[in-house]
Amino acid sequence: MDMSNPAAFVNAELLHFYVGRRVRALMQVVRSDGGVVIGKSTDEKQVVVKGTPPAPLTTFVEVFGIVSSDKSIAAEIWTNFGDSIDMFSYNKLCQLANGELRHLFL
């Protein structure tokens, strides 16, 4: 595993802390239009991901990418997570990874 450029676990609310940095985010796909996927983040807020997603997309997708200045993610890696996942637990993971347990993640 390459740890020289780790990706922080984020939800939509945390994106502004990571502009220009690599992140990983889980989202529920709402709409896919060409090179842009609109989704609902684990914190129930909208997230925009730019790039070429795999076809077909499942209901839930995790993306690794760089946060753009407009608070969107330029995707590098897309991973289909299927049609059912515990969004609450993933959101809790994002909060812990950016809060009291940050030292364990980055």
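User: Strands here are DSSP runs of at least two residues, numbered from the N terminus. In which strand of this predicted model is glutamate 62 found?

Analyst: The model is predicted.

User: Is glutamate 62 buried or exposed, and at what relative accessible area?

Analyst: Buried means under 20% relative accessible area. Glutamate 62 falls under that cut-off, so it counts as buried. Its relative accessible area is 4%.

User: Which side chain makes a polar contact with the side chain of glutamate 62?

Analyst: Glutamate 62 touches residues from several parts of the chain, among them Phe9, Ala25, Leu26, Trp78 and Tyr90. Arg24 is also in that list. A polar contact of 3.1 Å joins the glutamate 62 side chain to that of arginine 24.

User: How many helices and strands does the protein have, and in what order do they run?

Analyst: The protein has two helices and six strands. The radius of gyration is 13 Å, close to the 13 Å from the globule rule for 106 residues, so the protein is as compact as a globular protein of that length. From the N terminus on, the order is β-β-β-β-β-β-α-α.

User: What share of the contacts with a separation of 6 or more joins residues 24 or more positions apart?

Analyst: The C-alpha trace spans about 35 × 25 × 25 Å along its principal axes. Of the 106 residues, 38% count as buried. For contacts with a separation of 6 or more, the share from residues 24 or more positions apart is 53%.

User: Within what arc do the buried residues of helix H1 fall?

Analyst: Helix H1 covers residues 87-97, and Met87, Tyr90, Asn91, Cys94 and Ala97 are buried in it. Seen down the axis, these buried residues line one face of the helix. An α-helix has 3.6 residues a turn, so residues three or four places apart point the same way. The buried residues of H1 fall within an arc of 125°.

User: Which helix is among the elements that cover the buried residues of H1?

Analyst: Part of the cover comes from strands, including S1 (8-9), S2 (22-33), S3 (36-41) and S5. A helix at residues 102-105 also contributes. That helix is H2.

User: Which residue's side-chain oxygen reaches the backbone nitrogen of phenylalanine 88?

Analyst: This contact sits at the start of H1. The oxygen comes to within 3.2 Å of that backbone nitrogen. It belongs to aspartate 86.

User: How many aromatic pairs are there, and which rings form the cluster?

Analyst: The count comes to two aromatic pairs. Phenylalanine 9 and tyrosine 90 have ring centres 6.0 Å apart and planes at 70°, so this pair is edge-to-face. Phenylalanine 9 lies in strand S1 and tyrosine 90 in helix H1, so the pair ties together parts 81 residues apart in sequence. With two pairs, the cluster is Phe9, Tyr90 and Phe105.

User: Which backbone atoms does the side chain of asparagine 80 reach?

Analyst: Asparagine 80 is found in strand S6 (residues 73-80). Its contacts include Pro54, Pro56, Thr58 and Val61. At 3.0 Å, a polar atom of its side chain lies from the backbone nitrogen of threonine 58. At 3.1 Å, the side chain reaches the backbone oxygen of proline 56.

User: What is the omega of the peptide bond from alanine 55 to proline 56?

Analyst: Proline 56 is placed in the loop between strand S4 (46-50) and S5. Most peptide bonds are trans. The bond from alanine 55 to proline 56 is cis, with omega near -5°.

User: What phi does glutamate 44 have?

Analyst: Glutamate 44 is found in the loop between S3 and S4. At 55% relative accessible area it is exposed. Most residues other than glycine have a negative phi. Glutamate 44 is not a glycine, yet its phi is positive, at about 70°.

User: Where does lysine 71, with its positive phi, lie?

Analyst: Lysine 71 has a phi of about 70° and is not a glycine. Its relative accessible area is 39%, so it counts as partly exposed. Lysine 71 lies in the loop between S5 and S6.

Note on methods:
Residues numbered from 1 in each chain as written. Predicted model: local features only at pLDDT ≥ 70, side-chain atom pairs only at ≥ 80, totals over all residues. Heavy atoms only, no water. Buried < 20%, exposed > 50% of the residue type's maximum accessible area, 1.4 Å probe, protein only. Polar contact = N/O pair within 3.5 Å; in protein donor to acceptor, adjacent residues only side chain to side chain. Contact = heavy atoms within 4.5 Å. Helix = DSSP H or I, 4+ residues; strand = E, 2+ residues; numbered from the N terminus. Arc of directions from axis to C-beta. Rg over C-alpha atoms; globule rule 2.2 N^0.38 Å. Phe/Tyr/Trp six-rings, centres within 6.5 Å; stacked < 30°, edge-to-face > 60°.
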